[in-house]
Amino acid sequence: MTCQISLDRINKYYGAYHALRDVSLQIDQGQFVALVGPSGCGKSTLLRTIAGLEGITDGTITIAGEDVTHLAPRARDLAMVFQSYALYPHMTVRRNLTYSMRLKRRTRAEIDHAVTEITRITGLEGLLERYPRELSGGQRQRVAMGRAIIRDPKAFLFDEPLSNLDAALRVHMRAEIRKLHNRLGATSVYVTHDQIEAMTMADHVVVLRAGRVEQQGAPLDLYDRPVNRFVAGFIGSPAMNFIPATVTPDGGHVSLELPGQPVLRFGGRRPAGEAVMVGLRPEHLQTGPSPDAANRLTLPVAMIERTGAQSYVVCDTVPEVMVSAPVRVEDTDEIVLGIDPAQLHLFAPDEAGLRLDI
Amino acid sequence: MLKFTNTFRDGIGFDTVLVVMALGYLVVFSAYPLAYNLLMSFQSVDLFTLTSFDRPFVGLDNYREVLSRPETAMIFWNTVKFVGLSVLAQLCVGFALALFFQLDFPAATWLRGLFLAGWIMPALVVGAVWSWVLAGDFGVLNHMLRQIGVIRENIFWLSDPDVALYSVIIANIWLGVPFNMILLSVGLAGIPKDVYEAASMDGAGRVQQFFTITLPMMRAQLGAVISLGVIFTLQQFDLFAALTQGGPSNASNVFQYWSWQLAFQNYEIGLGSVVSVLMIGFVIAVAFIYVRSTRYEQES
């Protein structure tokens with residue numbers, strides 16, 4: 001696997017505002033990388049710097065071994081799918097698709113051949129002579145994809161391409177983009193604010209906050225071992241519960257700051273008396289029989305939401321504890337939750353909230 | 001009484017009043033003068049019969065008379081030159097300025113506002129200012145051209161038959177540029193930025209973006225600006241009145257000014273009507289193109 005896109009200590013300022021801070025990233029040939037983070041975290045800016053649509057203040061961008069830091073977008077051989085699709089409104093679908101080829105003065109035969117190929121891949125048959133305004137959202141999305149694919153670029157850049165579609169179509173297009181990626185063997189960089197999209201589509205997820213890379217790695221690594229409280233809270237849905245706690249004198253348990261000061265074992269050792277933040281994912285709070293009968297919490301119930309497959313139990317505590325159970329929970333005033341010590345995360349209670357080794 | 005007010009307010013009464021007011025205005029101030037003008041072009045009209053409809057019909061005599069006059073051909077070509085050159089130059093300069101102000105630089109909006117100065121000034125005032133600028137013996141333009149060594153002798157911009165028409169055209173271009181620039185700026189602002197970004201990702205340079213994105217997406221605005229430009233230029237009267245009065249010996253005369261001269265200076269009212277009827281025909285054709293181009297805009 002060769003490195004296709006490499007970012008080395010990218011910094012970008014908008015005036016005094018530091019939009020990207022020391023971002024370094026290696027993207028291998030054929031990899032699907034998701035840039036994810038809350039709005040304003042710099043993920044779109046980062047993508048646009050890769051595209052060349054935004055300049056950078058400092059750092060180096062290398063694409064396929066060539067330093068492109070100061071090259072114009074057109075010289076970088078990347079294709080981009082925009083959030084708004086940015087189709088050419090005055091051109092038919094066919095002319096939208098073939099715009100790049102016509103600029104390069106490719107022959108009529110080459111263009112026709114490519115159009116046939118792309119319409120087959122994207123399912124745009126019968127729409128070639130329509131104008132973008134005559135298409136539905138999903139169809140426009142396909143044209144935008146087709147316009148990128150026809151280029152056969154060094155990499156695809158996606159800027160929240162699904163955010164304008166309705167929920168059902170979004171799930172469908174998610175799978176389709178991923179299938180297309182596998183089939184073309186292309187390198188893709190995908191920006192989204194939706195961590196589910198990032199987790200389901202990408203081989204490699206980069207979590208950004210305030211212009212800084214908080215953590216990057218395989219999706220499940222981020223889920224299993226978040227490096228800090230921000231990543232822990234951002235990855236996973238519903239979000240992880242955080243409960244302030246203190247390590248007990250034996251160093252192997254934590255005493256939670258909840259009514260009754262329940263004590264949980266965490267299967268490791270920390271200094272006695274240390275203040276910590278305990279992280280528990282809603283789906284790791286087991287309502288059924290627990291493997292460790294001693295490790296349990298009994299909490300008052302505020303509300304139960306049932307979606308059929310899942311039940312969400314909101315506990316009447318401060319901070320609020322959320323439970324996600326794959327069973328139908330009956331109405332009850334109290335719920336008993338079992339906890340696997342291996343699924344208990346500890347973080348520092350300060351602002352940075354770094355993960356504490358157990 | 002209450003019933004009447006209710007009918008008026010909720011029924012078709014109110015609608016009727018609104019329609020009648022609009023139609024009434026059009027009939028009194030547009031349709032009636034147009035029809036009256038058309039009627040006069042077929043009659044023998046003098047100052048004594050101006051206010052009565054009872055005038056001798058002369059058929060197409062007035063038309064024959066106008067078309068057979070020796071100055072007609074010259075004035076026709078002057079009009080074509082005046083409209084063609086004015087509209088072309090206004091469009092090019094206006095478009096260039098609109099593109100320039102599209103760039104993001106300090107005080108861009110403020111400077112663009114300054115360009116409106118020409119637009120809000122009465123054309124007669126603009127004409128007076130230009131007549132100073134173009135004055136043969138003490139004009140600023142001659143002074144400048146002499147200083148930078150382009151000319152040795154003063155050019156008599158307003159009284160030399162070879163240049164008089166072009167002097168009016170220059171003043172008219174100056175007058176029309178702001179309108180073109182503002183309308184085209186609005187059109188340019190309506191093109192989404194990400195379309196340009198998509199084009200640059202697709203490999204289009206600045207020039208290619210202009211010809212493949214900007215120009216085709218401005219089609220409706222360009223159509224509107226050109227047809228309105230033609231109509232406004234055909235209406236341009238004040239500048240001729242202020243600068244050359246169509247002279248010397250019709251060298252800078254155009255149909256709209258000639259029509260006025262015939263009707264109100266020579267009192268050949270029938271002939272003046274003929275000229276304006278011919279112009280109305282042309283303006284209607286241009287207006288038709290304008291309506292077509294704005295309809296396209298609404299559809300997209």
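# Note on a predicted two-chain model

1. In this model, the side chains of A:Arg151 and B:Asp202 form a salt bridge, with nitrogen and oxygen 3.3 Å apart. The structure is a predicted model, and the values below should be read accordingly. Between chain A and chain B the count of salt bridges is two. The rule also finds eleven residue pairs in polar contact across this interface, with both residues of each pair at pLDDT 80 or more. On the chain A side, helix H1 (43-51), strand E6 (78-81) and helix H2 (93-103) each supply at least two of the residues that touch chain B.

2. How many residues of each chain are in contact across the interface? The contact involves 23 residues of chain A and 19 residues of chain B. Together the two chains bury about 1,800 Å² between them, and carbon and sulfur atoms account for 59% of that area. Within chain A, the residues that lose the most area to chain B are A:Arg74, A:His90 and A:Leu103, which together make up 31% of what that side buries.

3. Helix H2 of chain A deserves a separate point. Eight of its eleven residues are buried, so H2(A) is largely enclosed by the rest of the structure. The buried residues are A:Val93, A:Asn96, A:Leu97, A:Thr98, A:Tyr99, A:Ser100, A:Met101 and A:Leu103. Which elements cover them? The cover includes helix H3 (108-122) and H4 of chain A, together with helix H10 (193-201) and helix H11 (206-217) of chain B. After H2(A) comes A:Arg105, which has a positive phi, near 55°.

4. The next point concerns chain A as a whole. Chain A contains eight helices and 19 strands. Its C-alpha atoms fill a box of roughly 75 × 45 × 35 Å along the principal axes. Of its 358 residues, 53% count as buried. The accessible surface of chain A comes to about 15,900 Å², and 50% of this belongs to carbon and sulfur atoms. Among the contacts in chain A between residues at least 6 apart in sequence, 64% join residues at least 24 apart.

5. A:Lys154 gives an example of a contact between residues separated in sequence. A:Lys154 lies in the loop between helix H4 (137-149) and strand E7 (155-159) of chain A. A:Lys154 and A:Gln4 are 150 residues apart in sequence, yet their C-alpha atoms are 7.8 Å apart in space. Leaving aside residues up to four places away in sequence, A:Lys154 touches A:Gln4, A:Ile63, A:Ala64, A:Arg76, A:Asp77, A:Leu78 and A:Thr187. Is A:Lys154 buried or partly exposed? With a relative accessible area of 29%, A:Lys154 is partly exposed, because the buried class requires a value under 20%.

6. A:Gln141 and A:Tyr85 may be considered together. A:Gln141 is placed in helix H4 of chain A and is buried, with a relative accessible area of 0%. Beyond residues up to four places away in sequence, A:Gln141 touches A:Val81, A:Tyr85, A:Pro161, A:Leu162, A:Leu165 and A:Met173. One of these, A:Tyr85, lies in the loop between E6 and H2 of chain A. A:Tyr85 also counts as buried, at 5% relative accessibility. The phi of A:Tyr85 is positive, near 75°, although the residue is not a glycine.

7. Most residues other than glycine have a negative phi, and most peptide bonds are trans. The peptide bond from A:Ser237 to A:Pro238 is cis, with omega near -5°; A:Pro238 lies in the loop between helix H8 (229-234) and strand E11 (241-247) of chain A. The bond from A:Val318 to A:Pro319 is likewise cis, with omega near -5°, and A:Pro319 is in the loop between strand E16 (311-315) and strand E17 (321-325) of chain A. In chain B, B:Asn250 has a positive phi of about 65° although it is not a glycine. B:Asn250 lies in the loop between helix H13 (238-243) and helix H14 (255-265) of chain B.

8. B:Val19, B:Leu23, B:Tyr25, B:Leu26, B:Val27, B:Val28 and B:Phe29 make a nonpolar surface patch of about 710 Å². Among them, B:Val28 is found in helix H2 (residues 12-40) of chain B. B:Val28 is partly exposed, with a relative accessible area of 48%.

Conventions. Residues numbered from 1 in each chain as written. Chains lettered and ligands numbered in written order. Predicted model: local features only at pLDDT ≥ 70, side-chain atom pairs only at ≥ 80, totals over all residues. Heavy atoms only, no water. Patch = residues over 30% accessible without salt bridge, like charges linked within 9 Å, V, L, I, M, F, W, Y side chains within 5 Å. Areas by Shrake-Rupley, 256 points an atom, 1.4 Å probe, with all protein chains shown as cover. Salt bridge = Lys/Arg side-chain N within 4 Å of Asp/Glu carboxyl O. Helix = DSSP H or I, 4+ residues; strand = E, 2+ residues; numbered from the N terminus. Buried < 20%, exposed > 50% of the residue type's maximum accessible area, 1.4 Å probe, protein only. Contact = heavy atoms within 4.5 Å. Buried area = accessible area lost by both parts, 1.4 Å probe. Polar contact = N/O pair within 3.5 Å; in protein donor to acceptor, adjacent residues only side chain to side chain.
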